[in-house]
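Biologist: Could we go through the charged pairs in this structure? I would like to know where they sit.

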Amino acid sequence: MHRRPLLQALSALLATPVMLRVHAQETIGTLGHTPAYWRPYLSEAAGRVLFEEDTEPPFSSPLNGEKRAGTYVCAACHQPLFSSQTKFDSGTGWPSFWATLPNAVGTRPDRRLWIERTEYHCRRCGGHQGHVFDDGPPPTGLRYCNNGLALRFVPLGEKLPELRG
């Protein structure tokens, strides 16, 4: 096993002590494209996060400090995933949200570490976004802990990009 992914996973685990259990897998990746299809649209690092389920280092994303109104879309297919109205500073080092946009993501159990976590992916392209935990703020109590590389921010007033795929 490579040390960097293990250390990143342990860092994420220590930053997220409360886990949300999911009982059933939801539909993910309805477009049916392979990861190779999306590679030309993404940086190498974003491709690893979205389609190899890598994790970016904490506090590395400029989206952590993004405070403007707008929409966060999937970096691969441009599916709108989050409203800036649900973004909050979780202190974990990754952009965090307390709710997704309707039908934007699908979840499935992640058993790669010692405990079961719930990962979520873009419902359209299947790109890995992050993990959801039940230690977020009201009104949902959820924390969608997202990789910044998996997102693109579109400020309010700018046209959302056309969907890819």
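Modeller: In this predicted model, Arg108 and Glu119 form a salt bridge, with their closest N and O atoms 2.6 Å apart.

Biologist: Which strands do Arg108 and Glu119 lie in?

Modeller: Arg108 belongs to strand E5 (residues 105–110) and Glu119 to strand E6 (residues 117–122), so the pair ties together parts that are 11 residues apart in sequence.

Biologist: And is Glu119 buried or exposed?

Modeller: Glu119 is buried, because its relative accessible area is 2% and the cut-off for buried is under 20%. Arg108 is partly exposed, at 23%.

Biologist: What does Arg117 pair with?

Modeller: Arg117 forms a salt bridge with Asp110, and the closest N and O atoms are 3.1 Å apart. Both Arg117 and Asp110 are buried.

Biologist: Where do Arg48 and Glu44 lie?

Modeller: Both are in helix H3 (residues 44–52), and they are 4 residues apart, about one turn of the helix. Glu44 is exposed, with 64% relative accessibility, whereas Arg48 is partly exposed, with a relative accessible area of 27%.

Terms used:
Residues numbered from 1 in each chain as written. Predicted model: local features only at pLDDT ≥ 70, side-chain atom pairs only at ≥ 80, totals over all residues. Heavy atoms only, no water. Helix = DSSP H or I, 4+ residues; strand = E, 2+ residues; numbered from the N terminus. Buried < 20%, exposed > 50% of the residue type's maximum accessible area, 1.4 Å probe, protein only. Salt bridge = Lys/Arg side-chain N within 4 Å of Asp/Glu carboxyl O.
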